[in-house]
Amino acid sequence: MIYDPLVSTSVSPLHTKPNSYWHADYQCQTLPSSSVYPFTEKQTDYLVIGGGYTGLSAAISLSEAGKSVTVIDAHALGFGCSGRNAGFVLSGSGRLSLSAIQDKWGPETATGMQQEFDSAVALLFERIERYNMQVDLVKGPYYKLAHTQKQAALLHASANAMNRQFNGNAELLSQDDIASRFSIRSVHGGVQTPGACVNPLKLVDEYARVALAKGAQLLYQTPALRIEDKKSYFNVITEKGPIRAKHILLATNAYTPKQFHSSIDTKHFPVQSSILVTAPLNKEMQQETGLNHAASFMDTRTMKYYYRVLPDGRLLFGGRGAVTGKDADNEKEKQRLFNAMAASFPSLRHIAVDHFWSGWVSVSMDSMPRIFTTDEGRIGYAMGYCGSGVSFSAFAGMRLAQRMLGDNSINLSLPLYDTPLPTYPLPQLRRLALQGLYQWAKIFER
Ligand SMILES: Cc1cc2nc3c(=O)[nH]c(=O)nc-3n(C[C@H](O)[C@H](O)[C@H](O)COP(=O)(O)OP(=O)(O)OC[C@H]3O[C@@H](n4cnc5c(N)ncnc54)[C@H](O)[C@@H]3O)c2cc1C
């Protein structure tokens, strides 16, 4: 049974585990879920609901501030996006580029946002080093590739602006530059920046290890079913027993069940992204494609394709998934993604696919994530990363913790912080609109 956040009112330990390349290769070391038993009542100052990067990172920051913290997750470690993403360490979150942010809010806001995005990447690298995290960090070039000539011109103009205004280090590449390095169909130019990738599941495991070492309590297979506001405290009913908490952090992102809490219901749109991992490329395939070293790629389509060469020489290739959860593992979906991969790399059209899986990303209505508190600071949430959260969600978890602790060093005038997530009008039509967008992309974004 595949979890669908627009259908289910709870994540259940019975929902199908991700069948990912990461899970096939690695067993999480921190707190096996079998160690979780029913309890009569627990008390905590801060209850974090959701044990992905956002929740675990918030727990680390709250524990460092000396607070009593409990993290609960409905499923096992890494069940949500955090255990099943592509592992690209991207600077930024949401779907707006810095140039778009500048056009909408002006240069000061764009600079403030760039500082937050840069700090997110720096925080990840700093924690990897400080806690000796074993996350298979690989550094290598990151290529943004234009799928049309018009997009190439826009990409180059935006990279030039980034270099000028934000001290960027983007290298502009022509169609011929790309063709001299890789054999990828339908690429009309690109931009290269330094990139990095990690094993995402190992990263969740390492965050969990650090959170535990700092004193946080982690409970898995413990779905929060209901939040009762008793005014001086919250009583959170879970499948394992009640938890009394003074503060609640919602870190459920795209995996938030239907009608879970009024502060986030209908304020984001969970959309599926799917990934396939091929068999290792042989020497001939590596030579023909140019995929013979660590590198990561993303294109400029509205329905983006993203891919990277894995340390064992396989190609990871991702793109949009099925509209509903029940169709996530459908053979047709896998074939559609494979066809997209083979259209980009014709020499791989006979390669075996060893892994295929999907996950939900949280899309906010204005493409901007939010880190926000409500109920006089008693409840907070961080979500809406639009598929870009390997570095940023952990930073958001830290910022959410700081916000709930009353830290006034945060620039709360930035759009990340100054308003709640906007509500989707006619939320019941979200999937219909998505289907329409996919049809449009099928015709116009080949
Ligand atoms: C296929 C895919 C590829 C991606 N690739 C990249 C990438 O390469 N780079 C990048 O930057 N970002 C990527 N992302 C996005 C990134 O993975 C997410 O932004 C990030 O992991 C979000 O972390 P999180 O902790 O907020 O949410 P999650 O990791 O999804 O955690 C939410 C948790 O909440 C739990 N939960 C939900 N409801 C309850 C409840 N009622 N009670 C208890 N627990 C509950 C769930 O079980 C889940 O574990 C990708 C996402 C997907 C799906």
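Histidine 247 is buried, with a relative accessible area of 18%; buried means under 20% relative accessible area, exposed over 50%, and partly exposed in between, computed with a 1.4 Å probe on protein chains only. The residue is found in strand E9 (residues 241–250). Helices (H or I, at least four residues) and strands (E, at least two) are DSSP runs, numbered from the N terminus. Histidine 247 touches Asp45, Tyr46, Leu47, Gly377, Arg378 and Met404, not counting residues up to four places away in sequence. Contact here means heavy atoms within 4.5 Å.

This is a predicted model, in which local features need pLDDT of at least 70 and side-chain atom pairs count only at pLDDT 80 or more, while totals for chains, interfaces and linings use all residues. Residues are numbered from 1 along each chain as its sequence is written, and side-chain values use heavy atoms, with hydrogens and water left out.

**The sheet**

Eight strands form an open sheet with mixed pairing, in the order E4-E5-E3-E11-E12-E13-E10-E14. Strand E4 (171–173) and strand E14 (353–364) stand at the edges, each with a single partner strand, so one side of each has no neighbour in the sheet. Neighbouring strands of this sheet are turned by 25° against each other on average, direction ignored. Two strands pair if DSSP finds at least two bridges between them.

| Strands | Sense | Bridges | Example of opposite residues |
|---|---|---|---|
| E3 (residues 138–145) and E11 (residues 296–299) | parallel | four bridges | tyrosine 142 and serine 296 |

E11 and E12 form a hairpin, and six residues lie between them. In a regular strand the side chains alternate between the two faces of the sheet. Strand E11 is covered on both faces: Ser296 and Met298 on one side are buried, and so are Phe297 and Asp299 on the other.

Helix H11 (residues 430–444) lies across E10, E13 and E14, and runs at about 45° to E10.

**Helix pairs**

Axes are lines fitted to C-alpha atoms, for helices over the stretch in contact, and angles run from 0 to 180 degrees between N-to-C directions. The axes of helix H2 (residues 53–64) and helix H10 (residues 392–404) come within 7 Å and cross at roughly 40°. H2 and H10 are therefore oblique to each other; angles under 35 degrees count as roughly parallel, over 145 as roughly antiparallel, 65 to 115 as roughly perpendicular and the rest as oblique. H2 passes H10 in a right-handed crossing. A crossing is right-handed if the near helix is turned clockwise from the far one by less than a right angle, and left-handed if anticlockwise.

On the H2 side, the contact is made by Tyr53, Thr54, Ser57, Ala58, Ser61 and Leu62, and on the H10 side by Ser393, Ala394, Gly397, Met398 and Ala401. By class, this contact of H2 with H10 has six nonpolar, five polar and no charged residues. Ala, Val, Leu, Ile, Met, Phe, Trp, Tyr, Cys and Pro count as nonpolar, Asp, Glu, Lys and Arg as charged, and the others, Gly among them, as polar.

Helix H3 (residues 98–105) and helix H4 (residues 107–130) pack at an angle of about 145°, with their axes 7 Å apart. H3 also passes H4 in a right-handed crossing. Leu98, Ile101, Gln102 and Trp105 of H3 meet Pro107, Thr109, Ala110, Met113, Gln114 and Phe117 of H4. By class, the contact of H3 with H4 has seven nonpolar, three polar and no charged residues.
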